[in-house]
Amino acid sequence: MNNSSCPPINFDFTSRFLPPVYILVFIIGLVANGWGLKSLLQNWKKLKIINVFVLNLGLTDILYLLTLPFLMVYHFKGSKWIFGVTFCKITRFCFNLNLYGSIGFLTCISVYRYLAIVHPVRMMGRSTLTHSVGISVMVWLLVSVQCLPDMFYNKTFGNNTEKCYDTTSSIYVEDYLKYSLGWTLTGFCIPFLITLGCYGHVIVVLCRTNATDKVLKRRSLKLLLILILLFSVCYIPYYVLRNLSLWSRVLSKEKMCREWFNGVYIAKQISRGLVCLNSALNPLVYLHGSEDIPARLRRLLQRARWMFSHPPQTNSSSVAMAQITYEGVTQEK
């Protein structure tokens with residue numbers, strides 16, 4: 001189809017779909033990341049090298065989650081931005097910082113696991129807390145350099161400051177598509193291949209070595225499944241559909257219309273909702289990486305089950321007897 005004007009796009013879908021997703025991610029992500037970071041900081045003296053990367057992963061999530069209330073207001077008002085052009089760019093910068101920072105620190109975790117399992121002798125004494133802190137600083141710097149050019153693209157259309165584009169206006173969409181493709185290669189494809197290579201080799205080594213600790217094998221498989229979940233649900237659809245959406249905008253600008261334009265736009269908005277879920281799913285790495293957190297979670301669930309099965313009594317003697325019974329049950333467990 002090649003017409004002088006392209007069919008209209010259903011822009012109303014964004015205002016209906018994204019706000020509920022943002023609310024859900026904000027609540028779950030803030031609670032989960034806050035709890036995970038608190039647990040890591042409380043056990044700072046026991047901090048392992050890999051937990052430095054987990055700590056930074058949580059910081060990237062918190063940074064993005066704090067911008068979600070402003071995006072909620074934006075979409076509740078029918079995609080009208082009321083916080084100024086500068087803060088629009090800062091909000092989008094925080095999103096990109098979270099996106100690429102999460103991928104960067106997940107890659108660091110994967111490489112560290114690979115070296116610790118496949119090359120334990122070479123790693124002995126060479127990997128220190130100082131090294132992991134230095135690597136984390138490098139990741140922040142590299143991600144910031146990758147995200148910084150995005151702030152120089154126009155996020156509004158002409159004199160209309162009510163819009164806050166997550167990419168750029170149609171005037172610069174051709175250049176942004178080139179930038180996005182290069183960004184996708186360096187910020188997503190290469191780290192993703194490194195992560196797959198590391199865990200692929202780890203699984204092969206663990207399966208071939210019969211003497212390997214079964215707990216270590218199980219934990220590595222769980223972390224591999226978590227990473228596959230994160231990349232498959234959050235990252236891959238977003239990168240594919242973002243670039244496809246930018247390409248459709250380039251074609252539309254050149255009056256080369258296609259029937260799939262509206263479908264790509266809707267799919268891209270769904271992928272935007274999915275990619276922000278990484279801030280709520282990343283705490284799964286906390287649950288996997290820290291031995292203390294799962295134990296505390298089990299104790300909390302046991303206490304909650306006991307409280308529901310034993311409703312509070314009215315007199316003090318009954319309450320005291322129930323407390324004694326509960327302590328005896330937990331000791332037996």
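The model is predicted: local features need pLDDT of at least 70 and side-chain atom pairs count only at pLDDT 80 or more, while totals for chains, interfaces and linings use all residues. Residues are numbered from 1 along each chain as its sequence is written, and side-chain values use heavy atoms, with hydrogens and water left out. The chain holds 13 helices and zero strands.

**Overall fold**

- From the N terminus on, the elements run α-α-α-α-α-α-α-α-α-α-α-α-α; helices (H or I, at least four residues) and strands (E, at least two) are DSSP runs, numbered from the N terminus.
- Of the 333 residues in the chain, 41% count as buried, where buried means under 20% relative accessible area, exposed means over 50%, and partly exposed lies in between (1.4 Å probe, protein chains only).
- Among contacts between residues at least 6 apart in sequence, 80% join residues at least 24 apart; a contact means heavy atoms within 4.5 Å.
- The chain exposes about 17,700 Å², and carbon and sulfur atoms supply 67% of that area; accessible areas come from the Shrake-Rupley method with a 1.4 Å probe, and for residues only the protein chains shown count as cover.

**Salt bridges**

- A salt bridge is a side-chain nitrogen of Lys or Arg within 4 Å of a carboxyl oxygen of Asp or Glu.
- Lys268 forms a salt bridge with Asp166, and the closest N and O atoms are 2.7 Å apart.
- Lys268 lies in helix α9 and Asp166 in the loop between α6 and α7, so this pair ties together parts that are 102 residues apart in sequence.
- Arg272 and Asp166 also meet through their side chains in a salt bridge, at 3.9 Å from N to O.
- Arg272 lies in helix α9 and Asp166 in the loop between α6 and α7, so the pair ties together parts that are 106 residues apart in sequence.
- Lys268 is buried at 4% relative accessible area, Arg272 is buried at 10%, and Asp166 is buried at 16%.
- Asp150 forms a salt bridge with Lys155, with the closest N and O atoms 2.9 Å apart; Asp150 is buried at 0% relative accessible area, and Lys155 is buried at 1%.

**Cavity and pocket**

- On a 1 Å grid over the protein atoms alone, a cavity is a set of points where a 1.4 Å probe fits but cannot get out, a pocket is an open set with protein on both sides within 12 Å along at least five of seven lines, and lining residues have an atom within 4 Å of a point.
- Grid points are joined across faces, edges and corners, and a volume is the space filled by probe spheres set on the points.
- The count comes to one cavity of 30 Å³ or more, and the largest cavity holds about 70 Å³ of space.
- The lining of the largest cavity consists of Tyr22, Tyr64, Leu71, Arg92, Phe95, Asp166, Tyr238 and Arg272.
- The second largest pocket has a volume of about 330 Å³; of the 16 residues that line this pocket, the closest to its centre are Gly104, Thr107, Val139, Leu142 and Pro191.
- Elements giving two or more residues to the lining of the second largest pocket are α4, α6 (129-147) and α7 (173-208), and α6 supplies the largest share, six residues.

- Cys108 lies in helix α4 (residues 85-118) and is buried at 15% relative accessible area.
- Not counting residues up to four places away in sequence, Cys108 touches Phe53, Ile135 and Val139.
- The C-alpha atoms of Cys108 and Ile135 are separated by 8.4 Å, with the two residues 27 apart along the chain.
- Ser132 lies in helix α6 and is buried at 2% relative accessibility.
- Leaving aside neighbours within four places in sequence, Ser132 is in contact with Ile49, Val52 and Phe53.

**Positive phi angles**

- Ser79 is not a glycine but has a positive phi of about 60 degrees; Ser79 sits in the loop between α3 (68-76) and α4 and is buried at 12% relative accessibility.
- Lys255, also a residue other than glycine, has a positive phi near 60 degrees; Lys255 is found in the loop between α8 (214-253) and α9 (261-275) and is partly exposed at 44% relative accessibility.

**Nonpolar surface patch**

- Ile23, Leu24, Ile27, Ile28, Val31 and Phe76 make a nonpolar surface patch of about 580 Å².
- Patches are made of residues with over 30% relative accessible area and no salt bridge, with like charges joined within 9 Å and nonpolar side chains (Val, Leu, Ile, Met, Phe, Trp, Tyr) within 5 Å.
- Helix α1 (residues 12-42) gives the largest share of the patch, five residues.
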